[in-house]
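Me: Could you walk me through reading the contacts in a model like this? I'd like the general idea each time, then the case at hand.

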Amino acid sequence: MPQLKPNLYSFGWMIREMFQRIIHLIHKSTAAITHGDFSQHIPLIGNGDERDDVAIAINAMLDGASQQMDTVRQTSNAIAHDLRAPIARARSQLEDAALYAHTEAELRTAINHAVEQLDHVTSICDALLRIAQIEAGGRRSAFTRFDLVPALQDILELYTAVAEDRGITIETTLPATLPFHGDRAMFQQAIANVLDNAIKFSPSGGTITCFARFMPPQPHSENDGTIELTIADHGIGMMAEDMANATKRFFRAEQTRHISGSGLGLSVVQAIVHLHGGQLHLANNNPGLSVRIDTPLPHTKISKITDIHR
Amino acid sequence: MRVLLVEDDQTVRNFVAKGLAEAGHLVEQAEDGKNGLSLATSEKFDVIILDRMLPGGVEGLHILKTLRNQNNTTPVLLLSALADVDEKVAGLKAGGDDYVTKPFSFSELQARLEALVRRNRNEAQPQTRLTIGDLEIDLLSRNVKRAGQKIELQPREFRLLEFLMRHAGQVVTRTMLLEGVWDYHFDPQTNVIDVHISRLRQKIDRPFHHPLVHTIRNAGYMLQE
Ligand SMILES: Nc1ncnc2c1ncn2[C@@H]1O[C@H](COP(=O)(O)OP(=O)(O)OP(=O)(O)O)[C@@H](O)[C@H]1O
Ligand SMILES: [Mg+2]
C-alpha cells in the first residue's frame, strides 16, 4: 500500500501538468478568437495521446464556428446587397420624380413604382425571417399526423390553374393516402415553392410531373418508412454546380437572371424539409430539373406498443 | 362607422386616420396604451385598430384581454410589426378578430376592417341563399344561376364565388381570398389568385351583358352590380 502513494502523487502531478499546458494553449486560442481570429489553432503535440485528442476536438469546433461565421458574413453581405438593389431603384425613382416630374400623373407613377420596390424589400425580409424562424426549430411542436394526399391535391389545384394559363400540364400520380408527420401548412408552402419554380422555368407546352409514394422502412430502421415526393419539369434545368448552390440564400443561376425571383424560394424549402428531418435532392431530368423530397415517418407511439407486444 | 385607432407611430397613425376619414369614417385616436385602454373601455366603437407594441406600459394585447374580460365584443383588428405565425396565433387567441402586419397597404387594412364590421353585423342571421343582381347562389344545393341560366362551377370556384358574394360591394384583397377560400397563410410568389378569378369570370361574367366581378386597382376585387 505505501509504495502506491508516491506513484499516485506523480500520476496526479502529471495530469495536472498536462491540463495546465492544454489550458494555457486553449487560453491563447480563445484570446485570439475574442479578437475575431478563428485561424488560431491549438498546436498538436504529435504523440497521438489524449492531449492531441483534446486539441483535435477543439480545433474541429473552431473550424465549425469559423465556417458558421463565414456563412453569417456571406449571408449578411448577400442580404445587404440584395436589399440595396430594390431600395436603390425606389430611391432613384423618387428622386428623379422630385427633380423632373412635370405632371401629377408622372409623380404618382413614380411613387407607385417606388412603393412596389419597397413591397419587394418587405417580401425579402419576410422570407428571411421565416427561414430564421423555421431554422430555430420551435414550430416542431405544431407537428401532427395527417394525410399528405389531400394536402398535395389542394396545392396542386391552386397551381394547376396557373400552369394551364401558361400552357403547361401537370401530371399527377398519387396513391390513395400517404401518412405524414409534420406541419401541414408549412409543408404545403415547401411544395408550393417547388411547383412555382417548375412552372416558372418551364416553356409553354411543357409538362410537369408530380409523383409521391410511401417507401416501407428498412429492417432495423429508425423510422416507419419514408415519403418520397418528386416534382420534375422539362424546363431549362440547372447545371450540376448550380444545383449544389441552389438552396443558398439569394442564389439564382446565371441563365435565369432575367426571370423574376429573389433566390429565397429553395432556401425556404430546404429549411422546411430539414425541420421535418427530411432531405432535398435536386437532379437532372434530361431535360429539366427533378426535385425530390424524402421525409421520414417517425415511429408512432402506437406502433412502438405493438412492437413490444410482438 | 366609428373607429378607435390605437397606434404610437405618428406617421402610421396619421396615414391610417386620414385614409379612414376620407372613406367617411369617424376616427378617434390614441397614441399610447393608457389612453387607448380608457377610450376603448369607456366609449362605444364599431371597430378598434390596435397596435401590439405600445409605449407607456400598457401593451396592445393587454387592452384586448381587458376588453374581452369585460365581455366587450367590439371587433378588434391587431396591427403589428411581428409577422411571426406564433405572434398571429397569440393575437387571435387573446380575442383579436384579424391581424395585419406592418408594413401594410391602406387598401388591405380598409378591406379587412370593413369585412370585420360586416361579419359582426351579419353573424346573427345565417343565410342559405345569396343574390346580387341577376346572380344567385344556393348554399345548400350549391346551385348557381345567372339570369335564370344554370352555371356549373367546380367546388373551389363555388367557394370563391361564395366568398365574393358574402363580401359583395366590398373590396376583397388577394390575401383575403387566399386565406378565406384556400386557407393559405403564405405569400404564393406568383399571382395565383388572379388566374382563379379570371376562370370564374369566364363562367359567370363572360356569357352575360355586364360584368359583376370588378378589378380594383392596387387593391383587389369587388363583386358589384
Ligand atoms: N425548376 C427549375 N428549373 C431550372 N432552374 C431552377 C429550377 N428551380 C430553381 N432553379 C434555379 O435555382 C434558383 C433558386 O431558386 P429559388 O426558388 O430559390 O429562387 P427564385 O425562384 O429565383 O426566387 P423566389 O423563389 O425567391 O421567388 C433559381 O433562380 C433558378 O436559377
Ligand atoms: Mg422560386
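What follows goes through the domains, the chain interface and the ligand in turn.

Me: Before we start, what kind of model is this, and how is it numbered?

Reply: This is a predicted model, where local features need pLDDT of at least 70, side-chain atom pairs count only at pLDDT 80 or more, and totals for chains, interfaces and linings use all residues. Residues are numbered from 1 along each chain as its sequence is written, chains are lettered from A and ligands numbered from 1 in the order in which they are written, and side-chain values use heavy atoms, with hydrogens and water left out.

Me: Okay. Into which domains is chain A divided?

Reply: Domain bounds come from an automatic or database domain assignment. For chain A that gives domain 1 (1-136) and domain 2 (141-308), with their C-alpha centres 30 Å apart.

Me: And how many residues of the two domains of chain A are in contact?

Reply: Contact means heavy atoms within 4.5 Å. Here twelve residues of domain 1 of chain A touch eleven residues of domain 2 of chain A.

Me: What area do those two domains bury between them?

Reply: The size of an interface is often given as the accessible area lost when the parts come together. Buried area is just that loss, with a 1.4 Å probe, summed over both parts. The two domains of chain A bury about 1,100 Å² between them, and 73% of that is on carbon and sulfur atoms. On the domain 1 side, R130(A), I131(A) and I134(A) lose the most area to domain 2 of chain A, together 49% of what that side buries.

Me: Which residues form a salt bridge there?

Reply: The rule for a salt bridge is a side-chain nitrogen of Lys or Arg within 4 Å of a carboxyl oxygen of Asp or Glu. Between the domains of chain A it finds one salt bridge. R249(A) pairs with E135(A), their closest N and O atoms being 3.2 Å apart.

Me: Now chain B. What does its domain pair bury?

Reply: Chain B has domain 1 (2-122) and domain 2 (129-223). They bury about 760 Å² between them, 43% of it on carbon and sulfur atoms. A111(B), R112(B) and R118(B) supply 52% of the area that domain 1 of chain B buries against domain 2 of chain B, more than any other three residues. R112(B) also meets E179(B) in a salt bridge (3.1 Å, N to O).

Me: How many residues does each chain bring to the contact between chains A and B?

Reply: Chain A brings 24 residues and chain B brings 20. The chains bury about 1,800 Å² between them, 51% of it on carbon and sulfur atoms. In chain A, E157(A), L158(A) and A161(A) lose the most area to chain B, together 27% of what that side buries. The salt-bridge rule finds three across this interface. R156(B) forms a salt bridge with D154(A), with 3.4 Å between the closest N and O atoms.

Me: Last one: where does ligand 1 lie?

Reply: For ligands, a residue is near if one of its heavy atoms lies within 4 Å. Ligand 1 lies between chains A and B. It is surrounded by 19 residues, the closest being N197(A), K200(A), D233(A), T256(A) and L266(A). An oxygen atom of ligand 1 is 2.8 Å from a polar side-chain atom of N197(A). For K200(A), an N or O atom in the side chain lies 2.8 Å from an oxygen atom of ligand 1.

Technical notes
Polar contact = N/O pair within 3.5 Å; in protein donor to acceptor, adjacent residues only side chain to side chain.
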